[in-house]
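Q: I have a two-chain model open and I'd like to learn how to read it, one feature at a time. Where do we begin?

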Number of protein chains: 2
Amino acid sequence: MSAVHHIAFLKFKPGTPEVKAAEIISELGRLPRLIGGIRDFSIGANNSPQGLNQGYTHAFTMIFESAAARDAYLVHPAHLAFERLALPHVAAVAVVDYSPE
Amino acid sequence: MSAVHHIAFLKFKPGTPEVKAAEIISELGRLPRLIGGIRDFSIGANNSPQGLNQGYTHAFTMIFESAAARDAYLVHPAHLAFERLALPHVAAVAVVDYSPE
């Protein structure tokens, strides 16, 4: 089984209260304890000096033990509940998954 | 010192020969052996079923031991040489760096 790196770049809507953004980040961080097959999770605010962030202000990485674990995560009730919490406050998102070559 | 995750989403220009894309990926993979302070490197082609990749076809992650190591990488001659090789074939790029919260 090949690991899958699941990476999202996010931009919160203008006016999203800081406490709401913090709640969203915190709830996302709980998912690896609720859903199996996630080896690693990290998230943070953009600090690149390159100016190539295309408006995205945050990124997170989840490393799944397999594509099957990633697929199960996407439809897991805890993930769907997270999406219902987060998406109303997200202005833009880009997601790329890859299995390291 | 806080680690920095340096993540890029890439889209090659239409018509980029496969052998050229492979060369670019291979040369990027050499940088951690030429430039200090890179703890981990991985790259791959998008395999997300979510359809949120916004046109990006590849992603890579470099984990630097510190923001200073990331800053030194950005201006390192080996990185600049890589940019001269790659950028003519890159249609779009988004870069977000973060120190895990």
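A: Let's begin with burial: a residue is buried under 20% relative accessible area, exposed over 50%, and partly exposed in between, using a 1.4 Å probe and protein chains only. Keep in mind that this is a predicted model, where local features need pLDDT of at least 70, side-chain atom pairs count only at pLDDT 80 or more, and totals for chains, interfaces and linings use all residues. As for bookkeeping, residues are numbered from 1 along each chain as its sequence is written, chains are lettered from A and ligands numbered from 1 in the order in which they are written, and side-chain values use heavy atoms, with hydrogens and water left out.

Q: Is H79(B) buried or exposed?

A: H79(B) is buried, at a relative accessible area of 4%. You'll find H79(B) in helix α3 of chain B; helices (H or I, at least four residues) and strands (E, at least two) are DSSP runs, numbered from the N terminus. Contact means heavy atoms within 4.5 Å. By that rule, and leaving aside neighbours within four places in sequence, H79(B) is in contact with L31(B), I35(B), Y73(B) and L74(B).

Q: How do I read a helix such as α1(B)?

A: Start with its span: the expected value is 1.5 Å times one less than the number of residues. Helix α1(B) covers residues 18-34, 17 residues, and reaches 25 Å from first C-alpha to last, close to the expected 24 Å. Then look at which residues are buried: A21(B), I24(B), I25(B), L28(B), G29(B) and L31(B). These cover an arc of only 135° around the axis, so they sit on the same side of α1(B); the arc is taken from the directions from the helix axis to the C-beta atoms. The face turned away from that buried side carries the exposed residues V19(B) and R33(B).

Q: What covers the buried residues of α1(B)?

A: The cover includes β1 (4-12), β2 (38-45), β3 (58-64), α2 (67-74) and α3 (77-86) of chain B.

Q: And how do I read strand pairing around β1(B)?

A: Two strands pair if DSSP finds at least two bridges between them. Here β1(B) runs antiparallel to β3(B), joined by seven bridges, with I7(B) opposite T61(B). β1(B) also pairs in the antiparallel sense with β4(B) (residues 90-98), over eight bridges, and there K11(B) has A92(B) as its bridge partner. Eight of the nine residues of β1(B) are buried.

Q: How are the two chains related?

A: In general, two copies of a chain are related by a rotation about an axis and a shift along it. Copies are superposed by least squares on the C-alpha atoms of residues with pLDDT of at least 70 in both. Chain B goes onto chain A by a turn of 180° and a shift of 0.0 Å along the axis, with an RMSD of 0.0 Å. The two copies are therefore related as by a two-fold rotation axis. In chain B, the C-alpha nearest that axis belongs to I7(B), 4.3 Å away.

Q: How much area do chain B and chain A bury between them?

A: Buried area is the accessible area (1.4 Å probe) that two parts lose on being put together, summed over both. For chain B and chain A that comes to about 2900 Å², 58% of it on carbon and sulfur atoms. In chain B, F9(B), V96(B) and Y98(B) lose the most area to chain A, together 20% of what that side buries. The contact takes 36 residues from each of chain B and chain A.
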